[in-house]
Amino acid sequence: TASVAGIACGLLSGDASEHRADGHAHAGGVALTQDVAGHDLARGPDVGGGRAARPAHFGVGAHAPAQIGEGHAGPQRIAVEGRLNELGATQIFNGELWAQFFDYPDGRIKDKGDVLRLRKEGVVTILTYKAHIAKREAKIMEETETVVSDMPGMASILQSTGLEIVKSTRKRRTSFQLPDGQVVIDDYKDELAAIPVFLEVE
């Protein structure tokens, strides 16, 4: 039986916060062309007249570029989702995430390594503060969050305290539940569409 602990062993490590649009480092992340815990998640359909590229194998602590070829994300995403279903994963979310990130004009939140985010997840809006605790092999963040009923209203309240919207992101997320954690697939939209489709373990 596949577990998130096992899947994490095959993911690339490193501080993703410098490269990812949401400023949050996850337990592991890898573009869909790469392998997850020895499972060939990208196997299956042929792409461009040949089989989808077989992923490389990386051990814990390995670092490598995570890219996915233009035109391949759709077929590979379908293949990965199918493989997760084969492994017994249950899809628990499939929808759009719209996030706004806030900071003061002097950038004091970012300077501390913290993140203040207001995000709509489907029909639910969540206000989250991520406080930076430590940075070793991966950034460690303590999260405090609460559900709010009105995203524009909450944004207005935050701005009335002197905070500014410093970044907005939109992406499609598909989440799968495994026995001891979750696997998510993120596909960024709009000006961040060039970011490769990303598979993460949380």
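In which sense do β6 and strand β7 pair, and over how many bridges? Please go on from there to the neighbouring hairpin and the salt bridges.

Author: This is a predicted model. β6 and strand β7, residues 139-148, pair in the antiparallel sense. The pairing runs over ten bridges. Lys-135 stands opposite Lys-139 in β7.

β6 has another partner to look at. Strand β5 covers residues 115-121, and strand β6 covers residues 124-135. These two strands also pair in the antiparallel sense, over seven bridges. Here Arg-119 stands opposite Ile-126 in β6. The hairpin of β5 and β6 has two residues between the strands. In this hairpin, Gly-122 takes a positive phi near 70 degrees.

Val-123 is also found in the loop between β5 and β6. Its relative accessibility is 79%, so Val-123 counts as exposed; the cut-off for exposed is over 50%. Val-123 belongs to a nonpolar patch on the surface, together with Val-124 and Val-147. The three residues have about 300 Å² of accessible area together.

Now the charges. Side chains of opposite charge can pair when their charged atoms come close. The cut-off for a salt bridge is a side-chain nitrogen of Lys or Arg within 4 Å of a carboxyl oxygen of Asp or Glu. By this rule the count comes to ten salt bridges.

Start with Arg-170. Its side chain meets that of Glu-96 in a salt bridge, at 2.6 Å from N to O. Arg-170 lies in strand β8 (residues 164-178) and Glu-96 in strand β4 (residues 90-103), so this pair ties together parts that are 74 residues apart in sequence. How open are the two partners? Arg-170 has 26% relative accessibility and therefore counts as partly exposed. Glu-96, at 41% relative accessibility, counts as partly exposed.

Arg-170 has a further contact. The side chains of Arg-170 and Asp-190 meet in a salt bridge, at 2.9 Å from N to O. This pair, too, links distant parts of the chain, 20 residues apart. Arg-170 is in strand β8, while Asp-190 is in the loop between β9 (181-188) and β10 (198-201). Asp-190 is partly exposed, because its relative accessible area is 48%.

Next comes Lys-171. Its side chain and that of Asp-186 meet in a salt bridge, at 3.1 Å from N to O. The pair links distant parts of the chain: Lys-171 sits in strand β8 and Asp-186 in strand β9, 15 residues apart. Asp-186 has 0% relative accessibility, so Asp-186 counts as buried. The cut-off for buried is under 20% relative accessible area.

Lys-171 and Asp-186 also belong to a network of salt bridges. Arg-173 and Glu-200 are linked in that network with them.

One distance remains. Asp-190 and Lys-171 are 19 residues apart in sequence. In space, their separation is 8.4 Å, C-alpha to C-alpha.

Technical notes:
Residues numbered from 1 in each chain as written. Predicted model: local features only at pLDDT ≥ 70, side-chain atom pairs only at ≥ 80, totals over all residues. Heavy atoms only, no water. Pairing = 2+ DSSP bridges. Helix = DSSP H or I, 4+ residues; strand = E, 2+ residues; numbered from the N terminus. Patch = residues over 30% accessible without salt bridge, like charges linked within 9 Å, V, L, I, M, F, W, Y side chains within 5 Å. Areas by Shrake-Rupley, 256 points an atom, 1.4 Å probe, with all protein chains shown as cover. Buried < 20%, exposed > 50% of the residue type's maximum accessible area, 1.4 Å probe, protein only.
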